[in-house]
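User: I would like to learn how to read a protein structure, one feature at a time. Please give the general idea and then the case at hand.

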Amino acid sequence: PAAQVNSAFLKIGLTGHSIPTGDSRPAVNLALVIDRSASMRGQKIEQVKLAALSALDRLNSDDIVSVVVYHDGVEVVLPATKLRDPTAAKKAITSITPNGSTALFAGISKAMAEVRENLDDQRVNRIILLSDGQANLGPNSPSELGDLGASLRKENIAVTTVGLDLDFNEDLMTELAIRSQGNHYFVEAPGELIATFDYELSDIFSVVAQQVAIQVRIAPGVKPLRVLGYDAEMHGQDITIQFNQIYANQERFVLIELEIPAGTTQEVRSVAKVQTNYFNMTSQSQRNLAASTEVRFSPLRNVVQAALNADVEEKTALLLANESNRL
């Protein structure tokens, strides 16, 4: 609307390209982190081992895998290595037995060290964490695990969390996944674990872009208020957002709330310029994109209403609801 200060939401979205049939998938640097505390006895640990073994069957000799287990302490049952000897890797998994408490933070920390051994921009660097209980040893608050996830995101490592049964700490596991830009799954029955691991690996294999850095320059006079959807760095009129990965055919987006000064009838005003740099996993090369956006002003309410973007309205309502729930 003309002649008044307006609040608006700017949506910046990126959609991963399709992967042509027959194209090779990206190489993987994967750490499996398995809860082997006493509560995992019986069918739980057996199904976890079957799921981990099925994951190994989908990897190849160029992929790097490590397996970390945690209870009262932490053990690396399979140090990070290329999967040249699947038999030895499978033997390490089948030897896992449950006992003790749940040192979840320590388990993640050890997995971080294993992934860092072979950290590579040309690989998908991922940690898959499984737990059926509360983190009762070491740091155990959602904020502490969330901060850990955010630090991993900056290293291009995502953590996917799998909560098994009904007693795991959902807030903690969800915060870790969200802040690292990984996935989160709730698995009610141990028998669902193989399908869950299979689904996650399909996601990993479909990564088409990594190290996605979005630089936003808000136009003079327009005031940036906040960013919804992802962590961001705001310095005056400049905003930086980072995505770990983008999957094939997946859209990732952020919303920036803006205060736009009053404009005159039919005025066209620049709002923002956007520069995006990323590593294309298909071409194995750095790429960039650029775009800009502007607004028009009108004294006619029906003209303003007709110009509203339904997709942005819908996503704004969703993210505002999520923000409210987190508070």
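Predicted model: local features only at pLDDT ≥ 70, side-chain atom pairs only at ≥ 80, totals over all residues.

User: Which residues have the most contacts inside the largest nonpolar core?

Analyst: In soluble globular proteins, nonpolar side chains tend to be buried together. Here the largest nonpolar core has 38 residues, and those with the most contacts inside it are Leu 30, Ile 34, Leu 59, Leu 193, Phe 197 and Ile 204. Several elements supply at least two residues each, among them strand S2 (27-35), strand S3 (64-70), strand S5 (123-131) and helix H6 (193-205). The largest share, seven residues, comes from H1.

User: What is Leu 30 in contact with, beyond its neighbours in sequence?

Analyst: Leaving aside the neighbours within four places in sequence, Leu 30 is in contact with Leu 59, Ile 64, Val 65, Ser 66, Arg 126, Ile 128, Leu 201 and Ile 204.

User: Is Ser 66 buried or exposed?

Analyst: The cut-off for buried is under 20% relative accessible area. Ser 66 is at 1% relative accessibility, so Ser 66 counts as buried. This residue is in strand S3. Its contacts, leaving aside neighbours within four places in sequence, are Leu 30, Ala 31, Leu 32, Leu 78, Pro 79, Ala 80 and Glu 114.

User: Is Val 124 buried or exposed?

Analyst: Val 124 counts as buried because its relative accessibility is 0%. Its place is in strand S5. With neighbours within four places in sequence set aside, the contacts of Val 124 include Pro 26, Val 28, Ile 204, Gln 245 and Met 281. As for distance, the C-alpha atoms of Val 124 and Leu 319 are separated by 27 Å, and the two residues are 195 apart along the chain.

User: How do I read the packing of two helices? At what angle do helix H3 and helix H4 pack?

Analyst: Take the angle and the distance between the axes. Helix H3 (residues 104-116) and helix H4 (residues 142-154) pack at an angle of about 5 degrees, and their axes are 11 Å apart. Angles under 35 degrees count as roughly parallel, and H3 and H4 are therefore roughly parallel to each other. On the H3 side the contact involves Leu 104, Phe 105, Ile 108 and Met 112, which meet Glu 144, Leu 145, Leu 148 and Leu 152 in H4. The residues of this contact divide into seven nonpolar, no polar and one charged.

User: Now the sheets. In what order do the five strands of the open sheet stand?

Analyst: Strands of a sheet pair through backbone hydrogen bonds, either parallel or antiparallel. The five strands stand in the order S10-S11-S8-S13-S14, and the pairing is antiparallel. The edge strands, S10 (232-235) and S14 (285-296), each pair on one side only. From one strand to the next the twist averages 20 degrees. Within this order, S8 (residues 207-218) and S13 (residues 268-280) are joined by eight bridges. Arg 217 stands opposite Lys 273 in S13.

User: Which strands are at the edges of the open sheet of three strands?

Analyst: That sheet has the order S1-S12-S9, again with antiparallel pairing. Its edge strands are S1 (6-15) and S9 (223-228). The twist here averages 25 degrees from one strand to the next. S1 pairs with S12 (residues 251-260) over 10 bridges, and the bridge partner of Gly 13 in S12 is Phe 253.

Methods. Residues numbered from 1 in each chain as written. Heavy atoms only, no water. Core = buried A, V, L, I, M, F, W, Y, C linked by side-chain atoms within 4.5 Å. Buried < 20%, exposed > 50% of the residue type's maximum accessible area, 1.4 Å probe, protein only. Helix = DSSP H or I, 4+ residues; strand = E, 2+ residues; numbered from the N terminus. Contact = heavy atoms within 4.5 Å. Axes fitted to C-alpha atoms, helices over the stretch in contact; angles between N-to-C directions. Parallel < 35°, antiparallel > 145°, perpendicular 65-115°, else oblique. Nonpolar A, V, L, I, M, F, W, Y, C, P; charged D, E, K, R; others polar. Pairing = 2+ DSSP bridges.
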